[in-house]
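The chain itself is shown first.

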Amino acid sequence: MNGLTTEEKTVEPTPDEIAAQTTIADVYRADKQLAGVVRKTRLIHSDFFSELSGNEVFLKPENLQHTGAFKLRGAYNKLSQLTDEEKARGVITASAGNHAQGVAFAAQRLGIKAVICMPATTPMLKVEATKSFGVEVVLHGDSFDDAAAHSLELQAQHGYVYVHPFNDREVLLGQGTTALEIINELKDVDAILVPVGGGGFVSGVALATKMVSPTVQVIGVEPENAACMKAALDAGRLVTLDSADTVADGCAVKRAGELTFAFCRRYLDEIITVNEMEIMSALLSLIEKHKLIAEGAGVLSLAALQKLPFKGKKVAAIVSGGNIDISTLSALIDKAMIARGRIFCFAVQLPDKPGQLLNVSQILTDENANVIKLEHDQAMMTDSFKKVVLEVTVETHNQEHIDRIVRALNAGGYEIEKIDLLR
């Protein structure tokens with residue numbers, strides 16, 4: 001060739017090639033890396049969710065994992081695979097939640113410098129929890145996208161290794177170890193339900209499951225308002241959603257990853273979507289029936305149980321995380337109770353004379369309705385100046401109980417106006 005040399009170029013494998021080349025040995029390698037680091041969360045049989053769904057349901061409580069979520073698995077596996085040179089450079093990521101704490105925990109254990117970019121609007125509880133691992137936290141912007149863009153700028157300036165929350169092979173391999181634990185403990189499991197955000201968790205679980213037990217169904221669960229993976233699978237290509245507004249904020253992702261899309265297309269059986277009320281109702285049921293706290297994204301699998309296209313099967317539903325602040329938890333519980341008919345609010349006009357409030361109270365007492373809020377203000381008189389408006393909030397049992405209360409008030413001569421607390 002006339003003495004000329006041709007510079008060889010390294011051709012990076014495509015996402016589809018990576019998905020095809022990844023084997024169960026890679027998952028077992030990740031499992032070995034995580035030995036003694038992650039908590040092997042034991043399955044919990046649920047009588048309540050079993051009866052509700054017509055299947056035998058077992059909860060996989062990753063909300064009890066170190067850092068309160070499954071994210072530690074992927075983050076630690078990723079960091080443990082870095083070369084000495086990469087470890088010396090340090091790592092960076094962007095996250096407003098569980099991934100941040102997973103990376104921080106892993107970095108502390110492995111002695112690696114870590115920088116976590118979080119939106120300036122992140123609750124201080126999450127910021128302080130991340131800082132507690134000794135990492136550097138940078139608050140920037142009003143949204144995750146702002147923080148992510150800034151993290152890329154810092155990576156370019158300082159040469160950090162980027163740790164993506166889901167679109168990374170080593171991350172999804174770490175998440176896949178969850179499936180190994182489920183199958184080892186429940187060898188005759190028929191289906192595994194997995195929450196889906198960007199797709200890293202469900203990719204790893206689907207890969208590991210199909211490699212070990214190909215007949216086990218792996219079903220992803222997404223919020224209707226943020227179903228980016230379902231949209232991609234339906235279209236046969238990646239799709240960017242216009243919005244991703246959901247109470248399952250850990251899964252509020254507008255666009256799935258290229259790599260996770262390739263894995264899901266290859267290994268995932270199907271995706272079920274759930275609405276906001278179904279998510280909040282599942283959260284309330286988990287708290288009431290199992291005394292377990294989870295975040296919105298954490299209960300997606302539970303919200304989908306009644307939508308399964310089969311009965312009489314053994315189902316493992318992964319509760320993916322439990323990092324939720326008290327004010328958010330309280331708001332979600334209230335909304336779920338309202339939607340279930342457990343809280344009822346109404347307004348009624350009363351003649352402005354003594355004894356009227358007592359009459360209404362007696363009717364509510366007779367109907368076993370517990371008053372939790374009462375507003376009776378003389379300044380709220382109607383135009384006639386002969387009546388005042390009473391606004392009442394009561395605890396109820398269900399919609400039938402509410403209907404009975406309304407009939408009793410009507411029978412007592414009171415016309416009421418129902419107040420929608422979910423507006």
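Contact here means heavy atoms within 4.5 Å. The model described below is predicted.

## Helix 4 against helix 9

Using that cut-off, helix 4 meets helix 9 through Lys-71, Arg-73, Gly-74, Asn-77 and Lys-78. On the side of helix 9, the residues in this contact are Glu-170, Val-171, Leu-173, Gly-174, Gln-175, Thr-177, Thr-178 and Glu-181. Sorted by class, the contact of helix 4 with helix 9 holds two nonpolar, six polar and five charged residues.

Two packed helices are described by the angle between their axes and the distance between the axes. For helix 4 (residues 71-80) and helix 9 (residues 169-185), the angle is about 130° and the axes are 7 Å apart. Helix 4 is therefore oblique to helix 9. The crossing of helix 4 past helix 9 is right-handed.

## Burial of helix 4

How many residues of helix 4 are buried? The count is 10 of its 10 residues, and helix 4 is described as mostly covered. The buried residues include the charged Lys-71, Arg-73 and Lys-78. Leu-72, Gly-74, Ala-75, Tyr-76, Asn-77, Leu-79 and Ser-80 are also among the buried residues of helix 4.

## Helix 2 against helix 9

Helix 9 also packs with helix 2 (residues 24-34), at an angle of about 85° and with the axes 8 Å apart. This angle makes helix 2 roughly perpendicular to helix 9.

In this contact, helix 2 contributes Ile-24, Asp-26, Val-27, Tyr-28, Arg-29, Ala-30, Asp-31 and Leu-34. Their counterparts in helix 9 are Arg-169, Glu-170, Leu-173, Gly-174, Gly-176, Thr-177 and Leu-180. The contact of helix 2 with helix 9 divides into seven nonpolar, three polar and five charged residues. Glu-170, Leu-173, Gly-174 and Thr-177 of helix 9 are named in the contact with helix 4 and in the contact with helix 2.

Strand 3 (residues 91-94) pairs with strand 4 (residues 114-118) over four bridges, in the parallel sense. Within this part of the sheet, Ile-92 is opposite Val-115 in strand 4.

Another open sheet is formed by six strands in the order 1-2-10-7-8-9, and its pairing is mixed. Strand 1 (44-46) and strand 9 (270-274) are the edge strands, each pairing on one side only. On average, neighbouring strands of this sheet are turned by 30° against each other, direction ignored.

Strand 8 (residues 217-223) runs parallel to strand 9, and five bridges join strand 8 to strand 9. Ile-219 is found opposite Glu-270 in strand 9.

Glu-276 is part of helix 13 (residues 276-290). Is Glu-276 buried or exposed? Its relative accessibility is 18%, and buried means under 20%, so Glu-276 counts as buried.

Leaving aside residues up to four places away in sequence, Glu-276 touches Pro-223, Asn-225, Asp-245, Thr-246 and Val-247. Ala-336 is 60 residues from Glu-276 along the chain, and the C-alpha atoms of Glu-276 and Ala-336 are separated by 9.4 Å.

Technical notes
Residues are numbered from 1 along each chain as its sequence is written. This is a predicted model: local features need pLDDT of at least 70, side-chain atom pairs count only at pLDDT 80 or more; totals for chains, interfaces and linings use all residues. Side-chain values use heavy atoms; hydrogens and water are left out. Axes are lines fitted to C-alpha atoms, for helices over the stretch in contact, and angles run from 0 to 180 degrees between N-to-C directions. Helices (H or I, at least four residues) and strands (E, at least two) are DSSP runs, numbered from the N terminus. Angles under 35 degrees count as roughly parallel, over 145 as roughly antiparallel, 65 to 115 as roughly perpendicular and the rest as oblique. A crossing is left-handed if the near helix is turned anticlockwise from the far one by less than a right angle, and right-handed if clockwise. Two strands pair if DSSP finds at least two bridges between them. Buried means under 20% relative accessible area, exposed over 50%, partly exposed in between (1.4 Å probe, protein chains only).
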